[in-house]
Amino acid sequence: MNLTATLRPLCSALLLTAVSVLAAPAATQAATPGGVSAVAPDDASAHPNFTVRVVGKGRPMILIPGLTCPGAVWDETVAHYQKQYQCHIISLAGFGGTPAPASTNQLLLNVRDQLLAYIKTQKLQKPTIIGHSLGGFLALWLSSTQPEAAGPLVIVDSLPFLAAVQNPTLTAEAAKPMAEGIRQQMSSGKMTVAAARQMSATMMTDTARISQATRWSVASDPATVAQAYYDLMTTDLRPEVARIQQPVLVLGAWAAYKQYGSTKEGTKAVFDQQYAKLPQHQVVMSEAGRHFLMWDDTQWFFSQTDAFLKQNAVARASAR
């Protein structure tokens, strides 16, 4: 099996960036009058599968990463929002050179539960959550598990069941043999620089960013990446999103897949089908951006996200 060829059609599921290269000592916030937040100590031992870096002030915002990359991917996003939001930047263990977790057993389930515990113990009041790819999947999962825990969600090029991109009738059980085969290959050793660069080049256009994403991929722990991929590809949230109570903005990419016959309309149809049971959502497709939309179509990403967050801030205020 040619691993690169196998993964390329699923690239929107794969290089899903993470967060914070140098995770500072974790800290968090408690709500104070007027929506401004105060930083409080955080017990990092309570969430061994990730660390947190907190930047900015205001209402809480959680930025969740994806596979392989530490979170300098969110630097521009944090710079854009830190005067209005206190940004809690999540860095997943084992990605981009960060220490691997002690165990990969039920990896993404553990991340989900630790994120929910973090929101509760740090008293984050319905935080806005922005997640890219794997991070978007985790945002959907935690919000469908405890609908009262989260605020508005911004899902950046992710789906509730990524394995079913090409076959909507696929079940999580039926996806396991393929996912297991790829897990075994991915666990066998670090991705080569050439393979990582080839993969990165399908997901962004800027040469410097391709080089950075390549370095993060090569530095990631193979066993952790393989297990995260397996968990992602064998967990079907399509029925579960019906429980989500928050408004959700879904930002989709398609341009990178034009050479494989994809169209904007056809790709949006896949998003619409997968999110059909989500009560309050809108799907908006980028015209030209590739998978890393916060990098590849930055101004569009901010214009869409700004408008969505402003609209929901007004809705929150009027509901009081």
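**Around a valine in helix H2**

Modeller: Happy to! Leaving aside neighbours within four places in sequence, Val 78 is in contact with Val 55, Leu 63, Cys 87 and Ile 89. Val 78 itself sits in helix H2, which covers residues 75-81. Its relative accessible area is 6%, under the 20% limit, so Val 78 counts as buried.

The protein chain has an average pLDDT of 86, and 85% of its residues score at least 70. Over residues 1-36, however, the pLDDT is below 50, although this stretch has 142 contacts in the model beyond near neighbours in sequence. Where pLDDT is low, the predicted coordinates should not be read in detail.

Now for the surroundings. The protein chain contains 11 helices and nine strands, and 55% of its 320 residues are buried. Among contacts between residues at least 6 apart in sequence, 81% join residues at least 24 apart. The accessible surface of the chain comes to about 12800 Å², and carbon and sulfur atoms account for 56% of that.

Moving along the chain, we reach helix H3, residues 107-121. Buried residues in H3 are Leu 107, Leu 108, Val 111, Arg 112, Gln 114, Leu 115, Leu 116, Tyr 118 and Ile 119. As a reminder, an α-helix has 3.6 residues a turn, so residues three or four places apart point the same way.

The backbone after H3 is worth a look too. Lys 123, which follows H3, has a positive phi near 55 degrees. Lys 126 also has a positive phi, near 45 degrees, in a residue other than glycine. Lys 126 is in the loop between H3 and strand S6 (128-132), and with a relative accessible area of 41% it is partly exposed. Ser 133, another residue other than glycine, has a positive phi near 60 degrees. Ser 133 belongs to the loop between S6 and helix H4 (134-145), and at 0% relative accessibility it counts as buried.

For helix packing, turn to H5 (residues 172-187) and H8 (residues 222-233), whose axes come within 8 Å and cross at roughly 170 degrees. Since angles over 145 degrees count as roughly antiparallel, H5 is roughly antiparallel to H8. Residues making this contact include Ala 175, Met 178, Ile 182 and Met 186 of H5, with Ala 223, Ala 226, Tyr 230 and Met 233 among those on H8.

Thr 267 lies in helix H9, residues 264-274, and is buried, with a relative accessible area of 12%. Not counting residues up to four places away in sequence, Thr 267 touches Ala 253, Trp 254, Ser 262 and Met 285. Thr 267 and Ala 255 are 12 residues apart in sequence, with a C-alpha to C-alpha distance of 9.6 Å.

Note on methods
Residues are numbered from 1 along each chain as its sequence is written. This is a predicted model: local features need pLDDT of at least 70, side-chain atom pairs count only at pLDDT 80 or more; totals for chains, interfaces and linings use all residues. Side-chain values use heavy atoms; hydrogens and water are left out. Buried means under 20% relative accessible area, exposed over 50%, partly exposed in between (1.4 Å probe, protein chains only). Helices (H or I, at least four residues) and strands (E, at least two) are DSSP runs, numbered from the N terminus. pLDDT is the predictor's confidence in each residue, from 0 to 100. Contact means heavy atoms within 4.5 Å. Accessible areas come from the Shrake-Rupley method with a 1.4 Å probe; for residues, only the protein chains shown count as cover. Axes are lines fitted to C-alpha atoms, for helices over the stretch in contact, and angles run from 0 to 180 degrees between N-to-C directions. Angles under 35 degrees count as roughly parallel, over 145 as roughly antiparallel, 65 to 115 as roughly perpendicular and the rest as oblique.
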